Amino acid sequence: MILTDESIKKIKEKMARYPRRKSAVLPALTVAYFQVGHLSEEIYEEISKIIDIPALEIAEASTFYTMFPKKPVGKYLIQVCHNISCALLGADSLISYLEEKLGIKKGETTSDGLFTLISVECLGSCASAPMMQINDKYYEFLTREKVDKILEELRSRA
Amino acid sequence: MEKKLLFKNIDDPEQIRIDVAVSKGAYKAWKKALKEMKPEDVIAEVKNSGVRGRGGAGFPAGVKWGFIPKDSPKPKYLVCNADESEPGTCKDRVLMEQDPHLIVEGMCIAAYAIGSHLAFIYVRGEFVNPYRTMEKAIEEAYEKGYLGKNIFGTGYDLDIVVHTGGGAYICGEETALLNSLEGERGMSRIRPPFPAIEGLYACPTIVNNVETLSCVPHVINNGADWYKSMGTEKSPGTKIFSLSGHVKRPGNYEVELGTPLSYLVNELGGGVPDGRKLKAIIPGGSSTPFLLPDQIDTRLDYESIAEAGSMLGSGGVIVIDDRTCMVWVIERLIHFYKHESCGKCTPCREGTGWLEQMISRIERGEGVEGDIEKIETICDNIFGRTVCPLGDAAVMPIQSSIKLFREEWEYHIKNHTCMVKSEFEFK
C-alpha cells in the first residue's frame, strides 16, 4: 500500500460529505498527491478501492488536472509562475537564477532528489509577484536574497 | 474612491476567528435573513441592490438566483466559485485568507434564498492556505450553530463542503466547475440547460463568485438602497481590483465602482515606477482587451470600461510600461490559453495551438509576411464559436494587441526582433 492509514481516513471522511461518491475523486487525488508528491496507476487503484469508482475513471479525471505530477518529483517541487504579472517583474530571470543555483534546467530534478524545478501558469498571487510555490506553500515578492534563504532553509531541513 | 466594505476587516489578522468576526457583526445578516425574511424577500433585496457577478461576467446576482425553479422537487445546490485563476486576479484568495466568515455568511444567505441545504465552495487546488482557512471557519460556524441542523431554531438545515480543484483554469467557468465537482474532467457543458435548471448532479444550481457572495451580508444588513448609494447607477457598490505589473505599490484595492482608473493606478498604486512611461493597461484580467495611456481616466465600472473597448471582467488590472514588447506579452498569454483549453471545442483546442505556434515563431524572430492576417483569421474563427468563453478570452487580447500595436507586430516580422526588448530582472 502506498497510501497511509491517515490518508485513507481523510479520503473516507471527505467522501462522506458528498451526495455522490464520484465527487470525492479530486479530493482523494489531492490527499494522495500531498502525501506522496505525485500520482500513479497504483495510487488510482488504491483510491478506486476506497471510493468504489473504477480506477480508469480516476485516471481519466486525474490526467486532466496539471497540478498533480504523474511521475516522481524531488522532495521539494518548485513551481515558478511564468504568467504575465510575474513575467513583467522578472519571472524568467527568477527561473534562470534558480537553474543556476540548483545546477539543473527547468523540468529537471537535482541529483540528490531534493529539488524539482518547473514553471507553471498563474497561481493567483499576481499582486505579490514574482512568486513561486514549493509543495503547499507560496513564496512571494521574491528577491535573490529571499531565494537564497529559502533554498538554504529547505536544504537544512532535508 | 477607496471604500472598504468587503475589506473592512482585512487588516485584522484575528478576523479569521469566529469570536472576533462575530464581535464585529458577522452572521448578523444570516440571522436576520433566516429569522425575519422569506427566501423571496432575500432574492428581492439582492436583486434590488444590483450586485453583479464579480467573477467576470457581471451578471446581476439576484436575477440569477431568481432562475431557480420554485416547483422543482429536486435538491438545490449553491456553489461558491473560489477557483480564482484569471491571470492578474488575486482578490478571492485574500478574502478567503483574511475574512472567511464573510464568505461563509454570504453562502448561508444565498443558499437559504434559493432553498438549498447543501452548498459547496470550490477552491483551486493550489490554494492550500485559503482551503485550510475556509475549512476552519466552517468548522467554527458548525460549533456555533450557524451551520448544521435547525439553525437559529428555525428548522432550517444547511451544510457547507469545501472542495478542492486540480489546477485547471477552465474550472472557473461554471459548467466546467460543476463537471469537476462531480469528479469528471473539467470540461464545459453546452448551455442551455443553464445550471439554475440543471447544474450539479443535474439539479438546480447557482454558482457565484467569492466576492459576489461576500457582498450579500452587507446588502442584507444595510438594505439595497444603502448598497446602491455607492458606485454608479448601473454598476452599484464596490469592487476589489487586483493591481499588478509595473506599479510601485501592487496590491488588492477596494474602490467604489465608477472610480477613475487613474486613481487606482496612480494614487493607490503609486504609478509606474522609476520614471518609466505607461504603455498599456489590461483592466479586467488577462482575457480583456488593452487600454491605452490616454484612457487612464476611464471609470472603473462595467459600462465605462465597455465603452472604452474593454471589459471590467474580474478586476485584474495589469499595468505595462514602455520597456515591454506587446508580442512578448501576447506570447505569454496564448501559451496560457493553449495550456488551459479543455479540448472540447475544435476551434479553441486547435486554434489556440496554431496561434501559439505562430506567435512564438514571430516572437523568436521567425515571422513571415502574412502571419498577422493569418492570426486575425484564426481569431475570427475561434471567437463566438465555442461552448464556453475560453475561446473568446484567448483571442480578445490578441485582437486588441494587433489593433493597438500593429506596428510592433509588423516590426517584429520585418526585423526578426522585438521593437523593445522585454528583459525584466527580478531584484
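Me: To start, where does His416(B) lie?

Reply: His416(B) lies in the segment after helix 17 (406-415) of chain B. Helices here are DSSP runs of H or I with at least four residues, strands are E runs of at least two, and both are numbered from the N terminus. Before we go on, this is a predicted model, in which local features need pLDDT of at least 70, side-chain atom pairs count only at pLDDT 80 or more, and totals for chains, interfaces and linings use all residues. Residues are numbered from 1 along each chain as its sequence is written, chains are lettered from A and ligands numbered from 1 in the order in which they are written, and side-chain values use heavy atoms, with hydrogens and water left out.

Me: What makes His416(B) partly exposed?

Reply: Buried means under 20% relative accessible area, exposed means over 50%, and partly exposed is in between (1.4 Å probe, protein chains only). His416(B) has a relative accessible area of 47%, so it is partly exposed. Its backbone deserves a look too: phi is near 55°, a positive value in a residue other than glycine.

Me: And why is Asp274(B) called exposed?

Reply: Asp274(B) counts as exposed because its relative accessibility is 64%. This residue sits in the loop between helix 11 (261-268) and strand 9 (278-282) of chain B. Asp274(B) also has a positive phi, about 55°, although it is not a glycine.

Me: What rules out a bond for Cys388(B)?

Reply: The closest cysteine sulfur to that of Cys388(B) belongs to Cys342(B), and at 6.2 Å it is too far for a bond. Cys388(B) is buried as well, at a relative accessible area of 9%.

Me: Why is Cys203(B) called buried?

Reply: Its relative accessible area is 8%, so Cys203(B) is buried. You'll find Cys203(B) in the loop between helix 8 and strand 5 of chain B. Contact means heavy atoms within 4.5 Å, and leaving out residues up to four places away in sequence, Cys203(B) touches Lys74(B), Pro75(B), Tyr77(B), Pro195(B), Ile197(B) and Glu198(B).

Me: What makes Val161(B) buried?

Reply: A relative accessibility of 4% is why Val161(B) counts as buried. Val161(B) has its place in strand 4 (residues 156-164) of chain B. Not counting residues up to four places away in sequence, the residues that Val161(B) touches include Arg17(A) and Tyr18(A), along with Leu118(B) and Phe120(B).

Me: How do you know that His38(A) is buried?

Reply: The relative accessibility of His38(A) is 16%, so this residue counts as buried. His38(A) lies in the loop between helix 2 (25-36) and helix 3 (41-51) of chain A. Beyond its neighbours within four places in sequence, its contacts include Tyr33(A), Ile43(A) and Pro69(A).

Me: What makes helix 5 of chain B mostly covered?

Reply: In helix 5 (residues 91-98) of chain B, 7 of its 8 residues are buried. Among them are Lys91(B), Asp92(B), Val94(B) and Leu95(B).

Me: Last one: why are helix 14 and helix 15 of chain B called roughly antiparallel?

Reply: Axes are lines fitted to C-alpha atoms, for helices over the stretch in contact, and angles run from 0 to 180 degrees between N-to-C directions. Angles under 35 degrees count as roughly parallel, over 145 as roughly antiparallel, 65 to 115 as roughly perpendicular and the rest as oblique. Helix 14 (residues 346-363) and helix 15 (residues 371-382) of chain B pack at about 160°, with their axes 10 Å apart. The two helices are therefore roughly antiparallel to each other. Where they meet, the residues of helix 14 of chain B include Trp354(B) and Leu355(B), and those of helix 15 of chain B include Ile375(B) and Ile378(B).

Definitions and conventions:
Disulfide = S-S within 2.5 Å.
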